[in-house]
Amino acid sequence: PQSRDEKCGDLSGSSDEGEGTMDKEPVPAVETESMMKRLFGFEKEDLSSWHRLVCLLNRPTDPASLGIFRFLFGMIMAIDITQERGLSHLDYKYLDGAPVCRFPLFSFLQPLPLDYMYLVYVVMLFGAVGIMLGCFYRLSCLMFISTYWYIFFLDKTAWNNHSYLYGLIGFQLTFMDANRYWSIDGLRNPPKKNAQVPLWNYTLLRFQIFIVYFIAGVKKLDADWVEGYSMSYLAHHWLFDPFRMILPNEMVSLLVVHGGGLCLDLSAGYLLFFDATRPFGIFFVSYFHCMNSQLFSIGMFAYTMLATSPLFCYPDWPRHFFARFPEILRPVLPLTYPPPQPSTSCVYPMTQHTSSGPQDLPPAPKTRFKHKLATLFTILYLAEQFFLPYSHFITQGYNNWTNGLYGYSWDMMVHSRSHQHVKITYKDGKTGDVGYLNPGVFTQSRRWKDHGDMLKQYATCLSRHLPHYNISDPEIYFDIWVSINERFQQRIFDPRVNIVKADWSPFRPNPWLMPLLVDLSPWRTKFQEIEGTLDNQTEIVFIADFPGLLLENYVSEDLGNTSVQVLQGKLNVEIVDEKKNYTLQPGEQKQKLPAGAYHKVYTVSEGPSCYMYIYVNTTEAALQRNFTKLFELQERVRNGTETEPLPPELQSLITGENEGSEANVMDPVVQLFLRRQRRMKEVKKRREANVGERLNRFIVKKYYMLRRAFLMTAIAMRNLAVGLPPLEQLTREVAFANMKEPETEANQDLKDEVGHDEL
């Protein structure tokens, strides 16, 4: 029997599969294993020379765990293609002829015509299925990663860490022998079936997952995360209700959300690394990823990470696991016996066996060129992965308030942003006429607001589209106000710079990026104190601005009693219609800014100014009071305590609660009240649904999503094969594909927060 003393959950993994399969009496060990051997699975002498390192990383290893991961990864990617990759709504994103601004990594990358984009996704889907089944494995990997990275590079606005990770894993699997276990290739080619794989196959994947956890933890050592400002809103989620039973909300945010996330990321790789701590590591990371699947819209990332955890176990764990299943299921389950057969991909040690049995090891070959190349690839790849998250000093043009493009640095959830004000101004280069554009016009993304490289691409794209609207040689100016991690709202880019003509290089710092006012970060504790003194109807916005700049603001007619108060610096407030100016020092306040009118706030101090707007939405407050009165009246009528007869315009409070009936109500306040009541009832019904109802809702939703994806794909493939049908037929086909599940339209409003969005 094979020894299981060597540690496979570490750098090297289990390696005895090639040596411990002889049917003979075991030879007693001459000497005990060293501590390093017990912990890491190899001796330090294995790192003493290039030859020994090559032998170590090409040591024969059981293919079982790798084969199971290949199957799970391929299956998850096949599901992901229809969801987060966008196959189910591909026509919305790449509609032919639509004037859309796109944000590729390289300017020469452009989407293909829509039907061909569907073909790209079909190739990617077949590649993912081929990886899952281990069918024409190497070709399937190439089909998957070539199309995946094309889609990935085509749109920087969709970048995130887990999408990047999928591409990396697909790239790694291309070079691995992951089709040696539970694969169709093994049935087609017996020498590949159940053949051992070199240790570097496991080393790469384990180190990749270790990097994801550990670098994410290192990034969370950022002061904003440690102090609890990055994800403070998460503490309000129902998943943290058990913690709120013993801790106040502020401590749940600081200790559980931020402290727990930091500790888990820093320790997860090490916990999974060693045998003694692995059960704890698998428990904690599984709990962590299950929570993340509920907290964030991250597609299949949580399930992908769950699938990686068994890679840290002994490579032969599937054999022991599936051996417990009934014998009748064995033909469709992964192999549990015989032991893995030798492979030319591995380097075997010297052997003295002379028998010719089928399990004898082959003669000890010298290390071949492919073994050395695999070792070099492993070392260079891991070095690159450790270096890339800190390579931002090279690609300085992509650095903004945070370093690099979000997606390859593993700085997951470290920064949260809110945008208070976005203004796009254009100026006709010939006539000098000035106008304004709706933020986000000609684009489907919002991420351009935080990245200088995307802003440059967006401005260039706008300059190409605006001449079609009789705007010649347009100049484009952006005034974007952002708060990062609960700081002041401040400008991120210089609003005085024409971005169309502005200089930008991927290797030089962005000259029109405004610095983050980190010196004002301590004000965040003061924000909480100020907000704590306000009533529920009063709202506040904290602003910081640079000397010499101004904020032109419009006070909505709904906002009564709006005032501006200086916290630091010196302001000059100009009331445009009244042609009056007011100079404000720290602590001074300009009350009752005129509603329905513009005003300008100039920063006239030598340093940055800090001030706050305090306002009440008087329209919403009045509506809330009316809602309260209507609700109290409705309750009195229901319990029989209302003695006065209801006037005709209020009869609908009793008769108008059904879906859609508010449309027959004439009074707009009563109509809004009934609509809100129906929304609240639907939300309550969904929240109180049992497991069966939730599962049914989930299955129905996924069915219609997959249905649309495959029907639209079939239409595109038909178009490529035989050409476009008549327009009427195509319209009917698309309408059939767009058919939605019952009650979808009725539940559409549930996406909005129950409140006063109808205002």
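In this predicted model, N690 caps the N-terminal end of helix α22, with a side-chain oxygen placed 3.1 Å from the backbone nitrogen of G692. Helix α22 itself comprises 32 residues, 691-722. Just after α22, G723 adopts a positive phi of about 95°.

The buried residues of α22 are Y704, M705, R707, R708, A709, M712, T713, I715, A716 and N719. An α-helix has 3.6 residues a turn, so residues three or four places apart point the same way.

The largest nonpolar core contains 121 residues. Within this core, F144, W410, W448 and F478 touch the most other members. When neighbours within four places in sequence are left aside, F144 is in contact with F73, M77, I81, M124, G127, A128, I131, Y166 and G170. Another core, of 17 residues, lies apart from the largest one, and its members include L559, V564, L571 and Y615.

Charged side chains were examined next. The count of salt bridges comes to 26. One of these salt bridges joins the side chains of D46 and R52, with an N to O distance of 3.3 Å. D46 has a relative accessibility of 14% and therefore counts as buried, whereas R52, at 37%, counts as partly exposed.

A salt bridge is also formed between D177 and R138, whose closest N and O atoms are 3.3 Å apart. This pair links distant parts of the chain: D177 is in the loop between α7 (161-175) and α8 (184-188), while R138 belongs to helix α6 (residues 137-154), and the two are 39 residues apart. D177 is buried, because its relative accessible area of 7% falls under the 20% limit. R138 has a relative accessible area of 33% and is therefore partly exposed.

R85 and E84 form a further salt bridge, the closest N and O atoms being 3.5 Å apart. R85 is buried, with a relative accessible area of 11%, and E84 is partly exposed, with a relative accessible area of 27%. Through salt bridges that share partners, D80, E84 and R85 are joined into one network.

Conventions:
Residues are numbered from 1 along each chain as its sequence is written. This is a predicted model: local features need pLDDT of at least 70, side-chain atom pairs count only at pLDDT 80 or more; totals for chains, interfaces and linings use all residues. Side-chain values use heavy atoms; hydrogens and water are left out. A nonpolar core is a set of buried Ala, Val, Leu, Ile, Met, Phe, Trp, Tyr and Cys residues joined through side-chain atoms within 4.5 Å. Buried means under 20% relative accessible area, exposed over 50%, partly exposed in between (1.4 Å probe, protein chains only). Contact means heavy atoms within 4.5 Å. Helices (H or I, at least four residues) and strands (E, at least two) are DSSP runs, numbered from the N terminus. The expected span of a helix is 1.5 Å times one less than its number of residues. A polar contact is a pair of N or O atoms within 3.5 Å; within protein, one must be able to donate a hydrogen and the other to accept it, and residues adjacent in sequence count only if both atoms are side-chain atoms. A salt bridge is a side-chain nitrogen of Lys or Arg within 4 Å of a carboxyl oxygen of Asp or Glu.
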